[in-house]
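Subject: Structure handover

Hello,

Here is the structure for you to look through. My notes follow below it.

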Amino acid sequence: MIARMHPLDSSKYALPHMANAIRILAMDAVEQAGSGHPGMPMGMADVATVLFTHFFQQYAADLSWPNRDRLVLSAGHGALLLYALLYLSGAPSMPLEALCAFRQWGSHAPGHPEHGPGIEATTGPLAQGLANAVGMALAERALHAEFSFINHRTYAIVSDGCLMEGLSQEAIALAGHWKLNRLIVLFDDNGITIDGSTQLSSAEDTLLRFQACQWATFSVDGHDPQAIYETIAKAQTQDRPSLIACRTRIGYGSPKKEGTSHAHGAPLGMEEVRATRANLNWPSETPFFIPDDILQAWRNIGKAHHETYKHWVAEVAKSDLASAFAARQNGVLQLDAVFASLRKDLAIKRPHQATRKTSGEILKALTPHVPFFSGSADLGESTQVLPQGPAFSSECPEGRYLYYGVREHAMAAIMNGIALHQGFVPCGSTFLVFSDYARPAMRLSALMEQRVIYVMTHDSIGLGEDGPTHQPIEHLASLRAIPNLLVLRPADALEVAECWELALKATKSPSVLCLSRQSLPALRNDHGATNLSERGAYVLRPCSFAIHHVDLWATGSEVALACEVQTLLAEKNLGARVISIPCWERFAEQTEAYKKELDAPVLKVAIEAASPMGWERIVGCQGLIFGLDHFGASAPYAQLYTQFHLHPKAITEKICQHLTPSPVL
């Protein structure tokens with residue numbers, strides 16, 4: 001059970017003064033920085049104070065405690081609410097100096113929260129944090145089914161803007177469906193956005209919307225501590241997730257700007273800061289000053305769960321599951337023998353099949369060895385990310401498969417929450433073209449350095465008849481543009497196994513496996529200890545001629561095409577190498593010596609059925625790039641490759657023309 005101080009005693013904890021400490025720090029930090037959002041922290045200060053003093057289970061000296069409550073500030077523009085709470089409660093990661101340097105270079109208090117001690121998720125893009133919180137609550141319930149000593153709650157603070165974003169609807173629908181009753185969302189219901197009143201753009205009944213998604217809903221005066229206390233206590237007894245709409249006044253305490261959009265996204269101004277101090281009866285004009293008794297009251301809250309913390313640590317240490325739990329927390333996987341066996345088996349069988357099918361077989365083989373939380377955005381059969389056991393539900397929390405429905409955006413953001421919680425390796429799937437829906441959360445996966453695996457199939461015009469709406473063209477280039485994201489496009493079954501190994505070893509990077517719908521031939525039969533894809537690029541087929549004329553660089557399904565071109569060039573006495581480059585990002589990390597091995601002084605040719613953008617970095621300005629700078633079409637895939645001149649004979653002819661210029665007339 002979560003320890004809770006009961007009943008609420010406003011005088012004992014000096015709640016109004018403790019809340020005002022948050023307001024003072026927020027407006028001073030924004031004023032000093034010259035930019036920021038003071039209004040939300042000032043408006044939600046009372047709610048946050050009641051939450052921390054009477055409900056929130058956290059030990060400030062160890063913010064990595066696995067059984068701590070999670071608080072996700074989805075409304076990340078109100079970052080100073082979170083920073084103030086951390087500083088006041090004594091978190092070592094948030095000294096006063098950080099608040100004084102809010103939004104400045106090197107500060108622990110950037111303009112929007114960035115994942116780290118006490119900051120559960122990087123937030124700012126609205127509603128992402130709400131979906132992250134759903135993922136954390138989901139991971140908590142699933143982990144509790146294995147380790148009963150995990151039993152914390154997840155809280156999220158959301159704004160009008162969070163609930164306007166379409167992602168919020170996807171996330172709350174899933175949370176309600178899964179009955180995540182240990183998730184409580186606190187809605188800063190202040191009726192204000194940057195442009196003005198929410199009535200300018202919205203007429204919805206938020207509580208009815210959540211009720212329709214099977215949430216328990218409450219509304220409360222966000223400046224009445226007793227009412228806030230009673231409502232949170234009631235929410236904790238529900239059998240479903242809870243929304244508490246906290247009616248607040250943005251910029252609370254500011255005589256002229258309270259309740260207006262002027263308090264939302266700009267400093268109050270020095271004159272208004274002085275007036276606010278007077279209005280709050282604050283005892284000092286000194287910026288960032290917190291009276292000793294108020295600061296001590298907050299520091300006591302930071303230590304309030306010390307005994308609970310010590311007892312939990314001791315109980316886990318005595319548990320038979322202690323070592324298993326520690327292994328799950330650190331996320332280290334011992335898979336060398338598993339992958340060695342997989343590679344050997346694939347080298348012997350040499351399957352001629354779609355890489356999505358091979359991936360599904362590998363995922364099935366890995367499941368007994370990896371704590372996956374896998375799922376699909378309603379495309380399990382197509383992506384071959386299929387349940388290997390029961391699906392998760394409120395009745396079956398031990399299930400490890402998630403039916404996300406047609407909700408790519410929520411799937412990606414929820415997987416971030418699962419990864420951030422720790423204990424599982426999230427893996428979700430859809431078509432590559434629908435990475436457009438998932439991309440904002442994928443970007444945050446990379447920014448937060450989380451091991452999240454995206455299986456995205458139907459990776460080119462090779463999907464054929466579904467046509468241009470489903471055929472990705474610009475998507476590989478778009479995903480490769482995201483820093484710290486591994487984009488893996490394997491060419492055959494062995495490369496699929498190698499790319500899965502890379503994805504699981506990348507503990508600080510998300511990965512996208514881009515897989516084919518159409519069948520591809522086996523190109524390799526080696527199964528040594530070396531993962532050739534680990535270097536990002538390697539010579540698949542060396543040049544058999546004494547004179548080397550061409551290097552053929554390709555990814556995925558086009559590697560087999562490059563091999564055919566190599567054969568046709570040989571018939572014309574032109575020597576060529578085939579270089580497979582399943583992962584640009586890993587190749588970029590290699591030594592200059594290794595890169596030089598692949599940088600022969602010959603014509604460099606790139607072949608990829610996608611946008612040519614970026615390939616000039618590989619083949620240079622003088623190289624040839626065979627790609628697509630237009631959308632696809634609906635037709636059998638072999639015909640599409642021919643019509644779009646991605647055919648061995650057409651490519652070979654173009655190369656020969658380039659190597660043998662027309663005579664000058």
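Start with strand β14 (residues 511–514), which is covered on both faces. S511 and L513 are buried on one side, V512 and C514 on the other. Buried means under 20% relative accessible area, exposed over 50%, and partly exposed in between, with a 1.4 Å probe and protein chains only. In a regular strand the side chains alternate between the two faces of the sheet.

Some ground rules. This is a predicted model, so local features need pLDDT of at least 70 and side-chain atom pairs count only at pLDDT 80 or more, while totals for chains, interfaces and linings use all residues. Residues are numbered from 1 along each chain as its sequence is written, and side-chain values use heavy atoms, with hydrogens and water left out. Helices (H or I, at least four residues) and strands (E, at least two) are DSSP runs, numbered from the N terminus.

**Around β14**

β14 runs parallel to β12, joined by four bridges. Two strands pair if DSSP finds at least two bridges between them. Y454 stands opposite V512. Strand β13 (residues 486–488) also pairs with β14 in the parallel sense, over three bridges. There, V487 has V512 as its bridge partner.

**Around β7**

How many residues of strand β7 (residues 242–247) are buried? Five of its six are, so to speak mostly covered. β7 pairs in the parallel sense with strand β3 (residues 183–189), over six bridges. It pairs in the parallel sense with strand β6 (residues 216–221), over six bridges. I244 is the bridge partner of L186, and F218 stands opposite I244.

**The five-strand sheet**

Five strands form an open, mixed sheet in the order β16-β18-β17-β19-β20. Its edge strands are β16 (538–541) and β20 (624–626), each pairing on one side only. The twist averages 30 degrees from one strand to the next. Axes here are lines fitted to C-alpha atoms, for helices over the stretch in contact, and angles run from 0 to 180 degrees between N-to-C directions.

β16 pairs with strand β18 (residues 576–580) in the antiparallel sense, over three bridges. Y538 stands opposite S580 in β18. Helix α28 (residues 648–659) lies across β17 (550–554), β19 (603–607) and β20. α28 runs at about 165 degrees to β20.

**Two helix pairs**

Two packed helices are described by the angle between their axes and the distance between the axes.

Helix α9 (residues 166–178) and helix α19 (residues 408–421) pack at about 70 degrees, with their axes 8 Å apart. That makes α9 roughly perpendicular to α19. Angles under 35 degrees count as roughly parallel, over 145 as roughly antiparallel, 65 to 115 as roughly perpendicular, and the rest as oblique. α9 passes α19 in a right-handed crossing. A crossing is left-handed if the near helix is turned anticlockwise from the far one by less than a right angle, and right-handed if clockwise.

In α9, L167, E170, A171, L174 and W178 meet E408, H409, A410, A413 and I414 of α19. Contact means heavy atoms within 4.5 Å. By class, this contact has seven nonpolar, one polar and two charged residues. Ala, Val, Leu, Ile, Met, Phe, Trp, Tyr, Cys and Pro count as nonpolar; Asp, Glu, Lys and Arg as charged; the others, Gly among them, as polar.

The axes of helix α16 (residues 336–349) and helix α17 (residues 355–366) come within 11 Å and cross at roughly 145 degrees. That crossing is right-handed. V338, F339, L342 and L346 of α16 make the contact with T358, I362, A365 and L366 of α17. These residues divide into seven nonpolar, one polar and no charged.

**Two buried loop residues**

G464 sits in the loop between β12 (453–457) and α21 (475–480). Is G464 buried or exposed? G464 is buried, with a relative accessible area of 1%. The C-alpha atoms of G464 and P636 are separated by 4.8 Å, although the two are 172 residues apart along the chain. Leaving aside neighbours within four places in sequence, G464 is in contact with Q471, A633, S634, A635, Y637 and L640.

Q450 lies in the loop between α20 (435–447) and β12. Q450 is buried, with a relative accessible area of 10%. Not counting residues up to four places away in sequence, Q450 touches H115, A419, L420, S445, K508, S509 and P510.

Best wishes
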